[in-house]
Amino acid sequence: MNVLKTIAARFAKALEAIGVEPEQYLDLIRPSQDVKFGDFQANFAMPLGKKLSRAPRDVAADVVARLDYADFLEVPEIAGPGFINLRVKTDYLADLLQQMATDERLGVEKVEEPRKIVLDFSAPNVAKPLHVGHIRSTMIGNSLALILRFLGNDVITDNHLGDWGSQFGMIIYGYRNFLDQAAYERDPVEELARLYRLTRQLVDYQDAKKKIGELENQLTAAREALDAQKARCAEAKAADDAEKTKESKDALKKSNKERERLTKAVDAAQEKFDGAKSKIDGVESDPELAQLAEGRETIGTDVLNETSKLHHGDEENLALWRQFMPQCLSEVDKIYERLGVQFDESLGESFYNDRLGPLVERLKADGVARETEGAVGVFLEGQEVPMLIQKSDGAYLYATTDLATLEYRRDRFQPDAILYVVDFRQSHHFEQLFEAAKYIDMGDVELTHVKFGTVLGDDGKPFKTRAGDAVGLKSLLDEAEVRASAIIEANDAARAPEDRFPEEEKRETSRRVGIGALVYADLSQNRESDYVFSYDKMLAMNGNTATYMQYAYARVRSIFAKGEIDVDALRREFDSGAKTLLLGSPEERALAFELTNFQGALEMVARDYRPNWLTAYLYELANKYSSFFERRPVLKAEDENVKASRLFLCDLTSRTIAKGLELLGIQTVERM
């Protein structure tokens, strides 16, 4: 059920009738910004009039004369220079909603041409715990999978696990050199994570020690260049003050622009120097770490050797990898279980290892790849730097694995589209990958990078712990549940003793509210934007939050409990026509109209893979319901027919909110 699509289809025929190709003009039919102009407004008469050399109002009148609208629209109104104002008939709205009475899909039709879509998301490095960055890929990908499936597409979710890279070389090195056996036996996952962090810290330390001198020289040179430029800017300013000519102003502007560039260069050099110095100080200020670092100048190379041995089938390293993997995966799966996320496939990089060598050799034989400075790269049209697929030491790269993965997905699934939900920092990688895909016969498969921004802290920088590490996702979920529990406890304390929650219900409600808040806060953002993480905002009882939406749902359901209403019987009465939906007030009509927009919101999500279209719709629906509920009594309505009609609107609202949240991966609660 999509009223806008129905209107567009009718206008397409009317435009064709006056000899116009309709496609480019249908997007100019949009919901009205003000109800006084109707429900929709067609704004194509102005550009079309210019094209046809006719007065826009005449064009609008000509189109309306050919428009088949009487079954669902009031008489269109031509306003101003040629706007066509459209108002849906109230009886038509009521009929649409009554068709939803017992429809589990709430009037949402499946797509006419379903697609097979492989959705690649989450993709954690399983050697370490999931962190705050994974919430975006995981929940955006999960919601897209749910929505695209609901619309009738065949969706295969694939978690491309990082289970084979240098992170395991670090764990193996750490296991052999720093293992605390008792800690490993007590909690193997935590000990493996500690070994990874420790080895990573020592590798970074040794690397920083090697680079610190050069970084200091670069910083000094950048500062000197900036100081010299500042002097030139002062000279240019003095010259402009004296001459006041166009040439002097241009010279001053150019000089200031160069100063800005050099200032940024100093800032970048300072950041690199400070970062390296921090890594050095972090080890040398800790006697235990300093002792561990002593004599390990080659730790970076040693870790690479452990990784290489693993990749080349060394039995000892393979045995350790097989020992570590179940524990690493178990920890990751616990987080997915809490989030309610499941995958059809969970194939790690290791799965594709045997395919990499033959792929590189085939690309070389086809003339697609060739050697470059000892490595092997694919040279892509329009790109100066090749996409490397094999290092000079023979090791393969992420690009190699991603190309092998594309071939595997092509052969196994024959998809129409493959979507990668990965942060924006990988944009260049995917540009190269999609260009290289032309050489492995991917045909007309849609390849899309569904990129997203960064989760920020209050300082506007990537959200990290005080120690500078990425915040663990487990701790985020725990804290969200704790804070939600405090809200539930406070609400519960205000109730009469006999109405208070049982402990089990209180815990489950806190879990759903806490995790729902975290998920919704992420999905309600434009995915390409950064956003500042705030528990207070995401758990607010007002505004566009999951807590508000869950409360709105619970408030609607409470009406049925309070009135002891048999909801199933109510639905059957409207489904059979025994009851008729009445939309006698502006608030009832506005709510009814919003309920018909559900499919349109889902189609907007599917069009450009942005779940925030759905959160925006749910928030608008909740606001429309709030206006309706505040002005139109339900249980105390003036007569039984009006009461039944308003109860029916309440039921459709709660069902739509519940379904919308479900498609976002969020559970509802019956009371808060």
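**Close-ups of a predicted model**

**View 1. Lys116 meets its partner across the sheet.** In S6, Asp154 is the bridge partner of Lys116. This is a predicted model, with pLDDT of at least 70 needed for local features and 80 or more for side-chain atom pairs, while totals for chains, interfaces and linings use all residues. Residues are numbered from 1 along each chain as its sequence is written, and side-chain values use heavy atoms, leaving out hydrogens and water.

**View 2. Strand S5 and its neighbours.** S5 (residues 116-120) pairs with S6 in the parallel sense over 5 bridges; strands here are DSSP runs (E, at least two residues), helices are runs of H or I of at least four, and both are numbered from the N terminus. Pairing takes at least two DSSP bridges between the strands. Leu119 has Thr157 of S6 as its bridge partner. As for cover, 4 of the 5 residues of S5 are buried (under 20% relative accessible area, 1.4 Å probe, protein chains only).

**View 3. The whole open sheet.** Its 4 strands run in the order S6-S5-S10-S11, with parallel pairing. S6 (154-158) and S11 (446-452) are the edge strands, each pairing on one side only.

**View 4. Helix H6 against helix H18.** The axes of H6 (residues 133-150) and H18 (residues 503-523) come within 10 Å and cross at roughly 85°; axes are lines fitted to C-alpha atoms over the stretch in contact, with angles from 0 to 180 degrees between N-to-C directions. So H6 is roughly perpendicular to H18 (65 to 115 degrees). Contact (heavy atoms within 4.5 Å) involves residues including Met139 of H6 and Leu518 of H18.

Conventions:
Angles under 35 degrees count as roughly parallel, over 145 as roughly antiparallel, 65 to 115 as roughly perpendicular and the rest as oblique. Buried means under 20% relative accessible area, exposed over 50%, partly exposed in between (1.4 Å probe, protein chains only).
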